[in-house]
Amino acid sequence: MKKITRVTIQTADFNVADEIAALRAQDPRVGAVCSFIGTVRDHTQGEPGKISSMELEHYPGMTEASIEAMIDEAFKRFDIYAARVIHRVGLLQPLDQIVLVVVTSAHRGESFQACEFLMDYLKTQAPFWKKEQTPEGANWVDARVSDDAALAKWGITARNG
Amino acid sequence: MKVTIKYFAGIREAIGSGQEQRDTTAATLGALRDELIALGGAYADSLARGKAVRLALNQVMADESIALTEGGEVAFFPPVTGG
């Protein structure tokens, strides 16, 4: 079976269909594929001429390691076959894709759960920071307490927000 | 002991540097934070007690009670907001 990279941090965009095809092609046991795509919201919707962008910073080394560790944890908790996480950094525009999580399993329940688990974990444990550029200036996005609560439902204390 | 200190996001911007080497007598991550706060200026502002600051030691999330180690890599950053 071809070994597929599990975690990639990149500035370039990703192709969801290609990533899913790669995970499926390596494993005929797969009967379910779940994916999550996070995208840049346009906060300036309906206000022509007011373009905002978003800049993403990460901690090279720790970011990759922390996501590898959360995938290891997902494999312990759920009966899944493969997991893939791609997260973009650098300057992004409204509607751009930010993050991709894909999980494969035999049946839907395990991959649905593992996909949500990975995103809940990533939101509070992976070192990324978003900075929004708005017409009024730039500001760092605040962490949300609701993200800590999302991780708590898996029995993990986040202590982030 | 010598440690490498990294700063990210708003803290990096405030301090004006992403990384520095320091000699410290601090025994724990919390004591190192206090040492930096005592420098005043942007250090005191961005790392002030009461501000949401997260820490990592050797690229693993860590509490302030964790002991510093010779040659360790300490990071100070705001709560994370990826995804």
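## A two-chain interface and some local features

Gln59(B) sits in the loop between strand 3 and strand 4 of chain B. Helices (H or I, at least four residues) and strands (E, at least two) are DSSP runs, numbered from the N terminus. The model is predicted: local features need pLDDT of at least 70, side-chain atom pairs count only at pLDDT 80 or more, and totals for chains, interfaces and linings use all residues. Residues are numbered from 1 along each chain as its sequence is written, chains are lettered from A in the order in which they are written, and side-chain values use heavy atoms, without hydrogens and water.

**The loop of chain B**

Asn58(B) is also found in the loop between strand 3 and strand 4 of chain B. The table gives the values for Asn58(B) and Gln59(B). Partly exposed lies between buried (under 20% relative accessible area) and exposed (over 50%), with a 1.4 Å probe and protein chains only.

**The interface**

Chain B brings 21 residues to the contact and chain A brings 27 residues. Contact means heavy atoms within 4.5 Å. The two chains, B and A, bury about 1900 Å² between them, 52% of it on carbon and sulfur atoms. Val80(B), Thr81(B) and Gly83(B) supply 35% of the area that chain B buries against chain A, more than any other three residues. Buried area is the accessible area (1.4 Å probe) that two parts lose on being put together, summed over both.

Chain B and chain A share 2 salt bridges. A salt bridge is a side-chain nitrogen of Lys or Arg within 4 Å of a carboxyl oxygen of Asp or Glu. Glu13(B) and Lys131(A) form a salt bridge through their side chains, at 2.4 Å from N to O.

Helix 1 (9-15), strand 3 (54-57), strand 4 (60-62) and strand 5 (73-77) of chain B each supply at least two residues of the side that touches chain A. Helix 1 of chain B gives the most, with 4 residues.

**A buried threonine in chain A**

Thr63(A) belongs to helix 2 (residues 62-77) of chain A. Thr63(A) is buried, at 0% relative accessibility. Leaving out residues up to four places away in sequence, Thr63(A) touches Ile9(A), His58(A), Pro127(A) and Phe128(A). A polar atom of the Thr63(A) side chain lies 3.0 Å from the backbone oxygen of Pro127(A).

Methods. A polar contact is a pair of N or O atoms within 3.5 Å; within protein, one must be able to donate a hydrogen and the other to accept it, and residues adjacent in sequence count only if both atoms are side-chain atoms.
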